[in-house]
Amino acid sequence: MLVRHGVANVMLNHQYELLDFGRNEKLECIGGVVVRRETPSAPGGKTTSLVWEQSQLRGRVVGEKYIWDGTAPADWRFDAGDFELQLKATPSGQVGVFPEQSANWDWIKQCPTDLAGLKAINLFGYTGATTLSLAKRGAQVVHVDAAKSVVSWARANALSSGLADSPIRWMVEDALTFVRRELKRGNRYDIIVADPPSFGRGPKGERWKLQRDLIHLIESLSALSQGRCKMVLLSCHTPGIDHGQLRREVENQFQFESGTGSSFALELCTRDNKSLPSGNCFRWVADKS
């Protein structure tokens, strides 16, 4: 796939392409299916009306519900190279993959640090792409998400990717609740990964709001990795929180001694380099020992 720093471009294996966007919609080819769906981060005008008529699946908000028109293939998959993801149209408007994260999957794959045997935690792990990226490198991963159905989906992705026997623990739990419990147990992690949503609810009704809870999350993650941190990957998609703020908050809490860190905007690009903002990211890796 073609990926430059923080920017996911056209994938060479044609698993993903951003075709066009504008007027709060984006048009994508995902795993061979042309998908048109609403997104508030797609301002401006559309390039051409003709390409939008190609959509096989259209997602839109009707009242308080997200409605899909069209039918996705029964065996719809996304081949990321080292792993694959099963896709489906969900009531939240998602399909099971965030292609802008491909820049981070490549970063993990190319990381010069040996990750074999390191303990990793992936909070808000969704359908498991980053978990599988880490497992492929030999890390022991704890995958945490509040939705039981999504964790089951991630486990199915591990199975179809040939990683079912990898040392992955699948946890249906509120992220902050789980981190607090791990701190009390004395468990610590070498690799910290989190991709928190703007808003969310835990399995027991816990409420998550990123702009309120982000600093507390970073403080807790710093304590969870104290004395042994080798890698940090934190991303979010909330307006008002930019990558510079992420970097300041993480570096303030973690107090890294040596290593390489960077912060940047996640973006998707069309063939003609029209760029769609898709979140912000901070990542850091320790120097090789």
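Student: In which sense do strand E4 (residues 25-30) and strand E5 (residues 33-38) pair, and over how many bridges?

Tutor: They pair in the antiparallel sense, over six bridges. Some ground rules before we go on: this is a predicted model, where local features need pLDDT of at least 70 and side-chain atom pairs count only at pLDDT 80 or more, while totals for chains, interfaces and linings use all residues. Residues are numbered from 1 along each chain as its sequence is written, and side-chain values use heavy atoms, with hydrogens and water left out.

Strands here are DSSP runs (E, at least two residues), as are helices (H or I, at least four), numbered from the N terminus. Two strands pair if DSSP finds at least two bridges between them. In general, the strands of a sheet pair through backbone hydrogen bonds, parallel or antiparallel.

Now zoom out a bit. E4 and E5 sit in an open five-stranded sheet with mixed pairing, in the order E3-E4-E5-E6-E7. Its edges are strand E3 (16-22) and strand E7 (65-69), each of which pairs on one side only. On average, neighbouring strands are turned by 20° against each other, direction ignored; the axes are lines fitted to C-alpha atoms, with angles from 0 to 180 degrees between N-to-C directions.

E4 and E5 also turn up in the lining of the largest pocket, each giving two or more residues. A pocket is an open set of points on a 1 Å grid, with protein on both sides within 12 Å along at least five of seven lines, and lining residues have an atom within 4 Å of a point. This one has a volume of about 1,500 Å³, volume being the space filled by probe spheres (1.4 Å) set on the points, which are joined across faces, edges and corners. Of its 49 lining residues, Gln94, Phe98, Pro197, Ser198 and His237 are the closest to the centre. Other contributors of two or more residues include helix H3 (148-160) and helix H4 (175-185), but strand E18 gives the most, with five.

By class, the lining has 23 nonpolar, 15 polar and 11 charged residues. Nonpolar covers Ala, Val, Leu, Ile, Met, Phe, Trp, Tyr, Cys and Pro; charged covers Asp, Glu, Lys and Arg; the others, Gly among them, are polar.
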